[in-house]
Amino acid sequence: MIQLRNVAKWFDTKNGRVQAVDDVSLTIDRGEIFGIIGYSGAGKSTLIRLLNRLESPSSGEIEVAGSELTKLSPKELRGVRKNVSMVFQHFNLLWSRTVAENISFPLELIGVPASERKRRVQELVELVGLAGREDSYPSQLSGGQKQRVGIARALATNPEVLLCDEATSALDPKTTDSILELLVSINKKLGLTIVLITHEMHVIQKICHRVAVMEAGKVVETGQVSDVFQHPEQPITKEFVKQIGAVDDLSLTFEHLKARYPSGQIVKLKFLNETAEQPILSDVLKTHDIGFNIIGGNVTQSQVGALGTLFIQLIGEAREIDRAIASIRSQSVEVEVESDVS
Amino acid sequence: MFPNVDWQIMMEQTWETLYMTLVAGVATFVIGLALGLILYITNESLLLKNRPIYVFVSAIVNVFRSIPFIILIILLIPFTLFLLGTMLGSTAALPALIIGAAPFYARMVELALREVDRGVIEAAESMGATKWQIIYKVLIPEALPAIVSGLTVTIVAIVGYTAMAGVVGGGGLGNLAFLEGFQRSQNDVTFVATVLILIIVFVIQFIGDRLVTKIDKRSA
């Protein structure tokens, strides 16, 4: 659906050249929700704006829904833009228009007749859950409702691709979740390809199938969200994963327990999907002669299922502990012994 | 109560003032809006940024906006004579009124357009809007309250200009106040003419404010 080949974008400023996007190659498949995460200044905003050519690349090729963006005439580009919609952090609604008129706006641009527009607007208002607010003005809506209008407007022309530029970053956590759920449901219902950028790992973990991590203009890591969560490779990815896996700071507890049970072994267990929901640990502990202390843990939900993290201290003979760890591993639960645990 | 006031003449001159204000106001609106749009569009990278055109139009606007109105009228006498064959009467005041007010209004339009959120323009662009569609479907509707309140201020200024034009041969209440009131020391005539001008200004301001309240949807 979307293919970037060695794409670079730089801006020449008074203070010299700024490399916003540096040699990025990516493939995004039809129907997937693809997340791009990075801190501000990582170049993710520029990258997503290249996908509908609000910015033009300095070098490289960008293919979106079968069109090579760099080779389009202005007229062809406008055609592609009807197929690649964008949702914005600050909604960017026209405050002089009502909800219905805002949603109708992209249809007016392409000359859809009024009766047809009215029908389509009604469908969309219902799809995004704003029935009854058609005649309100944006200033009368909450942030979450404004973003629903933004999403409905983006869907008006039946696009194949939806670009979300920090679509939830201006919203509170609860509203963020409801908007994310809306995005998942339209992804499923309409088979829409969604590309979103964010600085919140929570957003990626909750709705994305695949993720790309950006740092200093480069994509430093990509993969299935579950893989990236379980095995983050780059330091920056580990930082983002910590935002979520984040069982608070346990180092004090570690020290305390180590002092009390010097022979104990602290381990971090990582569960995915079914393993998060089975009594693996109690089975293993029953068959081995060891005790344990629970230090901390959590379970989070993602597109591929539950992800669990648990810190425990195993107490007993060193040999017995090693055996127990081996049998936990055999249940496809990942185990990191404490020296790796950070 | 006002021994020297001839109400018949007072009414005629009120209509003259209204005539000049209205005609000059409409022409100023059209020319100022066009100039303001040119200023904004040629200075905005999302639209048709064009430095030479911007600098040129901006310079003309600045020059005409800086000339004191009373001097502008005198400078424009040859032009008015060429255009209308006379420099006396209300119609003869129109070229000076328009040339004086339009650049002033153009700057207000430019400011109004600059207040439009760039994000909204970008959103329209991302939906495949043409530049022309961005201008008439996004920029003008979004800036409309400021465009209208700017017009109110400009028309009030035009009322003031008509009074000045009256002193050097234009018609209207200013002319009456100067010739009949000041030069013949009939203070009651000056007073009544002033009150009428104030009423005109208040009515214009009232209509303008009501209109802005009606079209401004920014606050809930």
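Predicted model: local features only at pLDDT ≥ 70, side-chain atom pairs only at ≥ 80, totals over all residues.
Helix 5 of chain B passes helix 7 of chain B in a right-handed crossing. The axes of helix 5, residues 90-114, and helix 7 of chain B come within 8 Å and cross at roughly 150 degrees. That angle makes helix 5 of chain B roughly antiparallel to helix 7 of chain B, because angles over 145 degrees count as such. The contact between helix 5 and helix 7 of chain B divides into 20 nonpolar and four polar residues, with no charged residue.

Helix 7, residues 131-167, packs with helix 8, residues 173-182 of chain B, at an angle of about 45 degrees. Their axes are 6 Å apart. These two helices of chain B, helix 7 and helix 8, are therefore oblique to each other. Here too the crossing of helix 7 of chain B past helix 8 of chain B is right-handed.

Which residues of helix 7 of chain B meet helix 8 of chain B? They are Thr162(B), Ala163(B), Met164(B), Ala165(B), Gly166(B) and Val167(B). On the side of helix 8 of chain B, the partners are Leu173(B), Gly174(B), Asn175(B) and Phe178(B). By class, this contact between helix 7 and helix 8 of chain B holds six nonpolar and four polar residues, and no charged ones.

I turn now to the annotation of chain B. An unreviewed UniProt entry gives "domain: ABC transmembrane type-1" for residues 14-208 of chain B. In the model, residues 14-208 of chain B are 83% helix and 0% strand, and the end C-alpha atoms of the span lie 20 Å apart. Under "transmembrane region", the unreviewed UniProt entry lists residues 20-41, 53-77, 83-106, 143-169 and 189-208 of chain B. Residues 20-41 of chain B are 100% helix and 0% strand, with end C-alpha atoms 31 Å apart. Residues 83-106 of chain B are 79% helix and 0% strand, and here the end C-alpha atoms lie 24 Å apart.

Residues 2-241 of chain A are 38% helix and 28% strand, and the end C-alpha atoms are 26 Å apart. The domain assignment of chain A gives domain 1, residues 2-243, and domain 2, residues 251-337. The C-alpha centres of domain 1 and domain 2 of chain A lie 39 Å apart. Where these domains touch, domain 1 of chain A contributes nine residues and domain 2 of chain A contributes eight residues.

What supplies the side of domain 1 of chain A that touches domain 2 of chain A? Helix 7, residues 201-207, and helix 8, residues 225-230, of chain A each supply at least two residues. Helix 8 of chain A gives the most, with four residues. By class, that side of domain 1 of chain A has four nonpolar, four polar and one charged residues.

Finally, the two chains meet. Their contact takes 19 residues from chain A and 21 residues from chain B. On the side of chain A, the elements that give two or more residues are helix 2 (74-81), strand 6 (84-88) and helix 3 (99-109) of chain A. That side of chain A has eight nonpolar, seven polar and four charged residues.

Definitions and conventions
Residues numbered from 1 in each chain as written. Chains lettered and ligands numbered in written order. Contact = placed C-beta atoms within 7 Å. Nonpolar A, V, L, I, M, F, W, Y, C, P; charged D, E, K, R; others polar. Domains from an automatic or database assignment. UniProt positions renumbered as here; feature names shortened; annotations may be inferred. Axes fitted to C-alpha atoms, helices over the stretch in contact; angles between N-to-C directions. Parallel < 35°, antiparallel > 145°, perpendicular 65-115°, else oblique. Left-handed = near helix turned anticlockwise from the far one by under 90°.
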